[in-house]
Amino acid sequence: GEAKKMSNSPNDLTVENKEAITSLLFQLADDDFMYAYRGSEWLGLAPHIEADIASSSISQDSMGHAAMFYTLLEDLGAGNANDLAHSRKAIERRNSILTERVNGEGYYMETPHYDWAYAVVRSYLYTQAKKVKIDSLCGSSYKSIAEAAVKVRIELYYHRLHWEIWFKQLMSSTDIAKNKMNAALKLVMNDFGDVFSYGNQKQAIEMNKLIGTEEEMKANWTASIVPVFTALQLEVPEIPESPAKNGRMGEHTKDLDEALTTLSEVYLLDPVAIW
């Protein structure tokens, strides 16, 4: 059946609508929050100064996008935006597994052995996935999400371009670089199974026309990377059918627990700080 035109004032939403919107917003917010956090750990560690500045700027933008989505959740009565970002337990988080994975071995305050190839592949494919969702969200039936998506789309254009260039350069570089990139591609795709999942709210999210269907998002994502993979003579990666863990259902790895411990320590030192 056709979804009824949804009211755009949080007070006028039905319980079902509100639940679907809240669920989707947590997925979007938590994804960008964890992606930005992992990106921020590269500060001072990227291959050269330009990459460092660009990567930091992208992380900052992404944290801004997360903040925008958490604020929409606050408007819906889900709680204080800062608390939603920093104080929720792992089981309450709805980010995809891909966004919570560590950058490599070691801890960024000590002696990290991070993998730049992994950072590039994760960022490129995550940003492509985000673009496909944001493009769809610009036409969302929930006006507040559509308005936020239009703002995000402008910055996302540059993020996508940046990571695509890195991806192409490293994939057509030395044999060592190519091998590292292909190994990273495997790791990233193993974790891609829940990126386009809407969790247990799939039906409500799709019926309320908040965003395109999971199937549409997957097809659009694949179509969006085909030209680059074809040009590089690479096989187009396939999204795993069923994820080993689904972050959209609150299933996570110990990487997330450790990240949240670090984050909450910093937050609890000064909860009123502006982030």
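Reply: In this predicted model, helices H1 and H2 are roughly antiparallel to each other, because their angle of about 155° is over 145 degrees. Helix H1 covers residues 15-40 and helix H2 covers residues 49-75. The axes of H1 and H2 are 8 Å apart, and H1 passes H2 in a left-handed crossing. By class, the contact of H1 with H2 comprises 15 nonpolar, 7 polar and 2 charged residues.

The largest cavity holds about 110 Å³ of space. Its lining is made up of 13 residues, and those nearest the centre are Tyr 35, Gly 39, Trp 42, Ser 123 and Trp 163. The largest share of the lining of the largest cavity comes from H5, with 4 residues. Sorted by class, the lining of the largest cavity has 6 nonpolar, 5 polar and 2 charged residues.

The second largest cavity contains about 90 Å³ of space. Its lining consists of Leu 28, Asp 31, Asp 32, Phe 69, Tyr 126, Ala 129, Lys 130, Lys 133, Ile 134 and Val 195. Here the elements that supply two or more residues are H1 and H5. H5 gives the most to the lining of the second largest cavity, namely 5 residues. This lining has 6 nonpolar and 4 charged residues, and no polar ones.

On the side of H5, the contact is made by Tyr 124, Leu 125, Gln 128, Ala 129, Val 132, Lys 133 and Ser 136. H9 contributes Met 217, Asn 220, Trp 221, Ser 224, Ile 225, Val 228 and Phe 229. Of the residues in the contact of H5 with H9, 9 are nonpolar, 4 polar and 1 charged. Ala 129 and Lys 133 of H5 take part in this contact, and Ala 129 and Lys 133 also line the second largest cavity.

A further partner of H5 is helix H7, residues 175-190. The axes of H5 and H7 come within 8 Å and cross at roughly 50°. H5 and H7 are therefore oblique to each other, and H5 passes H7 in a right-handed crossing. From H5, the residues in contact are Ala 117, Tyr 118, Val 120, Val 121, Arg 122 and Leu 125. From H7, they are Lys 180, Met 181, Ala 184, Leu 185, Leu 187, Val 188 and Met 189. The contact of H5 with H7 has 11 nonpolar and 2 charged residues, and no polar ones. Leu 125 of H5 touches H7, and Leu 125 also belongs to the contact with H9.

Conventions: Residues are numbered from 1 along each chain as its sequence is written. This is a predicted model: local features need pLDDT of at least 70, side-chain atom pairs count only at pLDDT 80 or more; totals for chains, interfaces and linings use all residues. Side-chain values use heavy atoms; hydrogens and water are left out. On a 1 Å grid over the protein atoms alone, a cavity is a set of points where a 1.4 Å probe fits but cannot get out, and a pocket is an open set with protein on both sides within 12 Å along at least five of seven lines; lining residues have an atom within 4 Å of a point. Grid points are joined across faces, edges and corners, and a volume is the space filled by probe spheres set on the points. Ala, Val, Leu, Ile, Met, Phe, Trp, Tyr, Cys and Pro count as nonpolar, Asp, Glu, Lys and Arg as charged, and the others, Gly among them, as polar. Contact means heavy atoms within 4.5 Å. Axes are lines fitted to C-alpha atoms, for helices over the stretch in contact, and angles run from 0 to 180 degrees between N-to-C directions. Angles under 35 degrees count as roughly parallel, over 145 as roughly antiparallel, 65 to 115 as roughly perpendicular and the rest as oblique. A crossing is left-handed if the near helix is turned anticlockwise from the far one by less than a right angle, and right-handed if clockwise.
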